[in-house]
Amino acid sequence: MRFTRERKRLWLAIAGSIFVHLLVAFSLAAFGRPSVPLPDPEDRPVELTMIDLSATPPPRVPTNPAYLETDPAKESKEEPKEKTFESNANSIAKSEVPASGDLPVPSQQGKDSPFLQVETQDSALPSKEAQAQPQVTPPPPVATPPPTATPVPTPKATPKPKPSAPRPKPTPLPEPVLTPEPERLAMLTGTPPPPIRDPNEVEATPPPPEPTANPALLRPRPQRPPSAYQPEKNQTRITGGVSDRGPSAVNAVGTPLGKYNKAVSDAVGVLWYRYTKEKRDLTSVGTAVLEGEVDRDGKIRNLRLVSNSANESFANICLQSFQEAQIPPIPEELVATLPDGRLPVTFSFTMYAN
């Protein structure tokens with residue numbers, strides 16, 4: 001009896017479920033039809049879109065191209081057609097060997113390095129400027145007062161005496177000739193009387209001597225200009241697609257931001273090379289990466305050490321070089337283009353084994 005009741009309940013549940021599903025299906029069929037009948041697919045018109053490929057502009061260079069310093073010997077007055085890199089000066093891509101790849105850089109032999117360098121040069125620190133010697137300025141000529149004419153008294157004419165009868169001249173007696181002693185020769189030497197001048201003649205006053213100009217003082221020779229700073233560089237092994245023959249170079253455009261980046265790099269690099277040479281015995285081989293920001297006044301903000309594979313002394317030298325660098329202020333035309341008026345900078349310092 002109990003089993004029969006359970007079978008009835010099961011069949012009733014199945015029947016109720018079927019009824020509910022049928023009811024839902026009929027409801028969707030009755031109320032789910034769209035109000036506007038869809039057109040027949042065969043009656044749709046064929047649409048054809050024409051695209052002018054010649055009017056499509058070529059792909060542009062990224063808005064923030066990589067920075068690469070340009071050597072002064074490779075500067076170009078005209079800009080390259082392809083602006084691949086941003087730099088402190090214009091340069092046109094050339095390669096010393098035939099192209100062997102597709103990258104927009106020259107092919108060259110060199111060392112495997114994560115940094116792109118197209119030339120090899122030794123580091124050089126600027127020589128200390130010699131103290132400028134004070135130039136001796138000649139004293140101004142002393143003004144000589146003009147000569148004043150001294151009045152010369154005109155002598156009065158003396159009346160001539162009347163001629164008298166000539167008197168007979170007495171016969172002179174011979175005088176004895178004395179031989180002077182040697183030491184008294186100077187005393188016995190007579191001085192001839194001055195010539196008699198006509199009293200009517202007026203002695204001309206000799207003109208005063210003209211003031212002699214001070215001799216031209218020799219100016220000190222100009223000192224040689226101090227040697228310019230240049231960082232150490234080593235050519236990187238590159239497989240590029242530049243085909244124009246010439247010294248290895250890239251297509252770079254000189255921009256205000258590129259020029260300022262070089263000024264920051266030079267200010268930090270001068271101190272870094274100087275400190276590493278002075279404390280060579282305290283540092284170890286490795287690489288330190290630092291990040292920071294340069295504000296509009298040229299001050300370093302938010303400086304931090306990202307990584308360091310050398311010792312602590314080397315990291316301190318890198319931090320000291322950043323903190324003591326004399327960085328010029330950011331030009332006004334660049335401040336508005338930078339986030340918060342600050343320039344983010346990242347420097348990688350590497351100490352190689354001798």
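Patches are built from residues with over 30% relative accessible area and no salt bridge, joining like charges within 9 Å and nonpolar side chains (Val, Leu, Ile, Met, Phe, Trp, Tyr) within 5 Å. A salt bridge is a side-chain nitrogen of Lys or Arg within 4 Å of a carboxyl oxygen of Asp or Glu. Accessible areas follow the Shrake-Rupley method with a 1.4 Å probe, and for residues only the protein chains shown count as cover. The model is predicted: local features need pLDDT of at least 70, side-chain atom pairs count only at pLDDT 80 or more, and totals for chains, interfaces and linings use all residues. Residues are numbered from 1 along each chain as its sequence is written, and side-chain values use heavy atoms, leaving out hydrogens and water.

A nonpolar surface patch of about 680 Å² is made by Leu 10, Trp 11, Ile 14, Ile 18, Leu 22 and Phe 26. Leu 10 sits in helix H1, residues 2–31. Helices (H or I, at least four residues) and strands (E, at least two) are DSSP runs, numbered from the N terminus. Leu 10 is exposed, at 53% relative accessible area. Residues count as buried under 20% relative accessible area, exposed over 50%, and partly exposed in between (1.4 Å probe, protein chains only).

The protein chain holds 5 helices and 5 strands. From the N terminus, their order is α-β-α-β-α-β-β-α-α-β. The chain has 354 residues, of which 22% are buried. Contact means heavy atoms within 4.5 Å. Among contacts with a separation of 6 or more, 77% join residues 24 or more positions apart.

An open sheet of 3 strands has the order S4-S3-S5, with antiparallel pairing. S4 and S5 (343–351) are the edge strands; each has a single partner strand, so one side of each lacks a neighbour in the sheet. Neighbouring strands are turned by 20° against each other on average, direction ignored. Axes are lines fitted to C-alpha atoms, for helices over the stretch in contact, and angles between N-to-C directions run from 0 to 180 degrees. Two strands pair if DSSP finds at least two bridges between them. S3 (residues 286–294) and S4 (residues 300–308) share 6 bridges in the antiparallel sense. Val 294 has Ile 300 of S4 as its bridge partner. The hairpin of S3 and S4 has 5 residues between the strands, and Gly 298 in this hairpin takes a positive phi near 85°. Helix H3 (residues 256–278) lies across S3 and S5, at about 35° to S5.

Most residues other than glycine have a negative phi. Asn 302, in strand S4, has a positive phi near 55°. Asn 302 is exposed, with a relative accessible area of 53%. Asp 340 is not a glycine either, yet its phi is positive, at about 60°. Asp 340 lies in the loop between helix H5 (332–335) and S5. The relative accessible area of Asp 340 is 78%, so this residue is exposed.

Asn 251 occupies the loop between helix H2 (185–188) and strand S2 (252–254). With a relative accessible area of 12%, Asn 251 is buried. Residues up to four places away in sequence aside, Asn 251 touches Pro 80, Glu 82, Lys 83, Thr 84, Phe 85, Ser 91, Ile 92 and Ala 93. The C-alpha atoms of Asn 251 and Glu 86 are separated by 8.7 Å, with the two residues 165 apart along the chain.
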